[in-house]
Amino acid sequence: MTLSGDNPDDLAGFIARFTRAACTGPGAKLAECFTDDGVYHDGFYGAFRGREAIAAMIDDHFHAHSENLKWVYKDICEGSGLAYGSYRFHYDSLLPGAEGTRVTMEGMGRFRFQKGLIADYSEIFDVGIGMTQLGFPAERIARSLQKRAAAVVDGPIL
């Protein structure tokens with residue numbers, strides 16, 4: 001994979017492999033896209049550091065709570081070891097009380113690379129949209145968004 005911009009198809013192919021691995025599993029396939037100590041910052045589940053933790057997140061969270069996942073990136077751009085893109089993500093919920101609910105979210109992802117692997121992945125999307133589609137009560141959504149707002153205010157500038 002090149003990150004120099006000489007062949008943007010390599011980066012798009014890498015990100016397609018990343019999303020395919022997240023959607024189909026097993027988690028170890030996604031973990032192969034990361035450095036040994038890479039971090040995946042998931043918008044719902046939090047941060048997972050290292051290949052073992054990333055693999056467990058996919059197996060124990062993504063695939064335990066959802067099925068029929070589809071994740072497509074577009075408008076990918078890169079430079080200086082960073083790549084950004086917008087995405088659309090769909091899944092059918094397996095959560096009790098929301099089984100079979102189709103959830104669709106749009107967001108943006110940021111990939112920070114080291115030696116052709118992901119050292120840090122983070123994403124931005126409206127968590128409230130997903131929670132609303134799942135039928136979560138307004139109070140639960142408000143508590144979640146208040147915690148997330150506090151984390152942004154108190155967190156580091158990226």
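Biologist: Over how many bridges do β1 and β2 pair?

Modeller: Strands here are DSSP E runs of at least two residues and helices are H or I runs of at least four, both numbered from the N terminus. Two strands pair if DSSP finds at least two bridges between them. β1 and β2 form a hairpin with 3 residues between them, and D42 stands opposite G46 in β2. Their pairing is antiparallel, and the number of bridges is 4.

Biologist: Before we go on, what kind of model is this?

Modeller: Residues are numbered from 1 along each chain as its sequence is written, and side-chain values use heavy atoms, with hydrogens and water left out. Local features need pLDDT of at least 70 and side-chain atom pairs count only at pLDDT 80 or more, while totals for chains, interfaces and linings use all residues, as this model is predicted.

Biologist: Happy with that! Which strands stand at the edges of the sheet?

Modeller: The sheet is open, with 6 strands in the order β2-β1-β6-β5-β4-β3 and mixed pairing. Two of these strands each have a single partner, so one side of each is left without a neighbour in the sheet. The edge strands are β2 (46-49) and β3.

Biologist: And how do β1 and β6 run relative to each other, parallel or antiparallel?

Modeller: V39 stands opposite D120 in β6. The two strands are joined by 4 bridges, and their sense is parallel.

Biologist: What is the average twist from one strand to the next, and what angle does α3 make with β1?

Modeller: From one strand to the next, the twist averages 20 degrees. α3 packs on the sheet and touches β1, β2, β3, β4 (82-93) and β6. Axes are lines fitted to C-alpha atoms, for helices over the stretch in contact, and angles run from 0 to 180 degrees between N-to-C directions. For the directions of α3 and β1, the angle is about 35 degrees.

Biologist: On to the aromatics: how are the rings of Y40 and F62 arranged?

Modeller: A search of the whole structure finds 22 aromatic pairs; rings of Phe, Tyr and Trp (its six-membered ring) pair if their centres lie within 6.5 Å, and planes under 30 degrees apart count as stacked, over 60 as edge-to-face and the rest as tilted. Y40 in strand β1 (residues 34-42) and F62 in helix α3 (residues 51-65) are 22 residues apart, and their pair links distant parts of the chain. The ring centres are 6.5 Å apart and the planes stand at 90 degrees, so the arrangement is edge-to-face.

Biologist: Are those two residues buried or exposed?

Modeller: Buried means under 20% relative accessible area, exposed over 50% and partly exposed in between (1.4 Å probe, protein chains only). Y40 has a relative accessible area of 0% and F62 is at 7%, so Y40 counts as buried and F62, too, counts as buried.

Biologist: How far apart in sequence are the parts that W71 and Y121 tie together?

Modeller: Their ring centres lie 6.4 Å apart with the planes at 70 degrees, so this pair is edge-to-face. W71 is buried at 7% relative accessibility, and Y121 is buried at 0%. W71 lies in strand β3 (residues 66-79) and Y121 in strand β6 (residues 117-125), so the separation in sequence is 50 residues.

Biologist: What is the phi of D75, and of K115?

Modeller: D75 lies in strand β3 and is exposed at 59% relative accessible area. K115, in the loop between β5 (102-114) and β6, is exposed at 86%. Neither residue is a glycine, yet phi is positive for D75, at about 50 degrees, and positive for K115, at about 50 degrees.

How values were computed: Contact = heavy atoms within 4.5 Å.
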